[in-house]
Amino acid sequence: MLTAVILMIICSTADLSEVRLVDGDGLCSGIPEVLHEEEWRKLSNYHIEYRAVGLLCRELNCGDIISTTFRSDFRDKHGDQRLIDLDCDGSESALSECKKYRSPIHPDYLNISVIVSCSDSVRLVDGAGRCSGRLEVKSHQSWTSVCEADFDQQDAEVVCRELDCGTPLTLQGALSGEGEHPFGTKEFQCKGTENRLLTCSTSDKEHTCTSGKAVSLTCSGPDDVRLVGGSGRCAGTLEMFHSGEWRGVTADRWSLKEAAVVCRQLGCGSAVKSPMSVSGGDETGWGFHIACKGSESAVKECTMLYSSKIRFPVGVVCSDSVSLADGAVGLSCSEPDEMRLVEGNSRCAGTVEMFYNGQWRKVGADVWNIDKAAMVCRQLDCGSALAATKIKSDGDVPEVGVLISCSERKMKKCRPMRIRRIEYLAGLVCSELLLQPNISVSTPIRESRSLQGPEVFNGHSFTITCSTQPQYPGGSFHLTLPRTGRSDSQEAVSHSASFAFPTADDSHQGNYSCVHENQVSFQTDAFQEVDQMYSNSWSPGPFIYNFSSESEPLSLIVTDLDGAAAV
């Protein structure tokens, strides 16, 4: 007798995946690794990309993210393993759709690993964030919906705790739709003190759940962010709870977008400003860089970068901490990333400043060049860039400033990159340096009947005056004459020059204009012009340039005293 044996092997989807979590407590926790070029590689060990980690948990059928942490106890085993960076924009359905980059191994991060914990058995879907939505529970590797009648407040407390989402706020059916999964067969009977839903007691259901009864839950959100040392819970120095202790956040790469997420998570309104501590620049131990889009519901949904030292702790002031006197407030606001030029006697030349984190800061010249200067000139509507300049900062201790990025292909204006102490200040000189001069005409006869413009009278004298507001000493004015194309010139005296005409006649009728010319010298340590951009060479200062600016035309009419105009 021939006996046939059929062997059936059922593999989980994780067995076929190109991602995995290793050295953890199970399939759904550990160090994330990605199969790339037939080699398992750890995700970059100095930052946590929330979108990528969320995809990883879902791809492993492990629900959603509970926590992502940095750990420093894997040096011997993983210190020499090659790393990979993933760039996900949130539209991907799998990690394989994200862009992949080889990540260099930085000496500061050799003993650092990213540890991921996924929810494994519970998740909230189709909600406003990771802490709200329709509740789904995994049973035998399949997800099921939960009936409203089988779930109460004690059960909700366990789910919110398991997802690290605080405490329950609302518990109601059908708020987040019905979903595609069937209802489970068990009724949960939690005491409210358990750490995981599947450790609660259950009983068989005695009823059938009907449409519209899938339970939806909204939790308060993670309690892992606080503001300390301020006027209340809505203002102060930012700290994040990580691996059992509170850690600081550096002001490097920080902006009001990140502050907005902090205020939103704390329920403190909107972000008013985000100052930083510059008290000596002392290091306060390791902490975080945070990079947010600004729309996240909690800080842990932002990208977190490991920082080996915190020199400039960041502070946040939310709108709920600002009290208004007599119900009114006067504000003078500047837009984030707005730029200006100072200390140059012109709005189109001087030292570059950016409005960053609620205050004006000097721009550092570390990565400064004529290309960036050109973008700033355009942003300020100052024409083209004639020179990028740099000058050494005053004082024994360099001031805290900002480094900027000005990529014309990716952005319409310059953006902040990071905060740091800057030794050399960035400056620039734009082509539209001189103010436009004024032109006017005067005559001893105080009578004017023309509606077409100023008039002078045949046989009588008149004077045309060129002037400009005080900017730079010296210079000259050139008066362009009508018809002939010739011009008369005079040195500027008290920023003006007068051109006298003793006897008006028909040849004086037409358009006049004033051209102001001035050679200006800018005291700077070094400058770079357009033709030096590709060689990245700099010339020693000062930078000297001949500027000119022309007035609006003056249309002059010559008439007889009896009213007949010259032809």
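Which residue in strand 32 does N438 stand opposite? In this predicted model, N438 faces S467 of that strand. The model is a prediction in which local features require pLDDT of at least 70 and side-chain atom pairs count only at pLDDT 80 or more, while totals for chains, interfaces and linings use all residues. Residues are numbered from 1 along each chain as its sequence is written, and side-chain values use heavy atoms, with hydrogens and water left out.

The pairing of strand 30 with strand 32 (residues 462–467) is antiparallel and runs over five bridges; strands count as paired if DSSP finds at least two bridges between them. Both belong to an open sheet of three strands, ordered 30-32-35 with antiparallel pairing. Strand 30 (438–442) and strand 35 (496–501) form the edges; each has a single partner strand, so one side of each lacks a neighbour in the sheet. From one strand to the next, the twist averages 20 degrees, with axes fitted as lines to C-alpha atoms, for helices over the stretch in contact, and angles running from 0 to 180 degrees between N-to-C directions.

The protein contains five helices and 40 strands. These elements are DSSP runs numbered from the N terminus, helices being H or I of at least four residues and strands being E of at least two. Of the 567 residues, 47% are buried; buried denotes under 20% relative accessible area, exposed over 50%, and partly exposed in between (1.4 Å probe, protein chains only). Among contacts between residues at least 6 apart in sequence, 69% join residues at least 24 apart, a contact being heavy atoms within 4.5 Å.

The structure holds 16 salt bridges, each defined as a side-chain nitrogen of Lys or Arg within 4 Å of a carboxyl oxygen of Asp or Glu. One of them joins the side chains of E136 and R123 at 2.8 Å, N to O. This pair links distant parts of the chain, 13 residues apart: E136 lies in strand 10 (residues 132–139) and R123 in strand 9 (residues 122–125). Both E136 and R123 are buried.

A further salt bridge connects D164 and K300, whose closest N and O atoms are 2.8 Å apart. D164 occupies the loop between helix 3 and strand 12 (168–173), and K300 the loop between strand 20 (287–291) and strand 21 (303–307), so the pair ties together parts 136 residues apart in sequence. D164 is partly exposed because its relative accessible area is 32%, whereas K300, at 12%, is buried.

D204 and K186 also form a salt bridge, with closest N and O atoms 2.7 Å apart. Since D204 is in strand 14 (residues 201–204) and K186 in strand 13 (residues 186–189), the pair ties together parts 18 residues apart in sequence. D204 is exposed at 52% relative accessible area, and K186 is partly exposed at 39% relative accessibility.

E162 counts as buried because its relative accessible area is 6%. Leaving aside residues up to four places away in sequence, E162 touches I66, S119, S121, V122, N195, R196 and L197. With S121, the side chain of E162 makes a polar contact of 3.2 Å; such a contact is a pair of N or O atoms within 3.5 Å, where, within protein, one must be able to donate a hydrogen and the other to accept it, and residues adjacent in sequence count only if both atoms are side-chain atoms.
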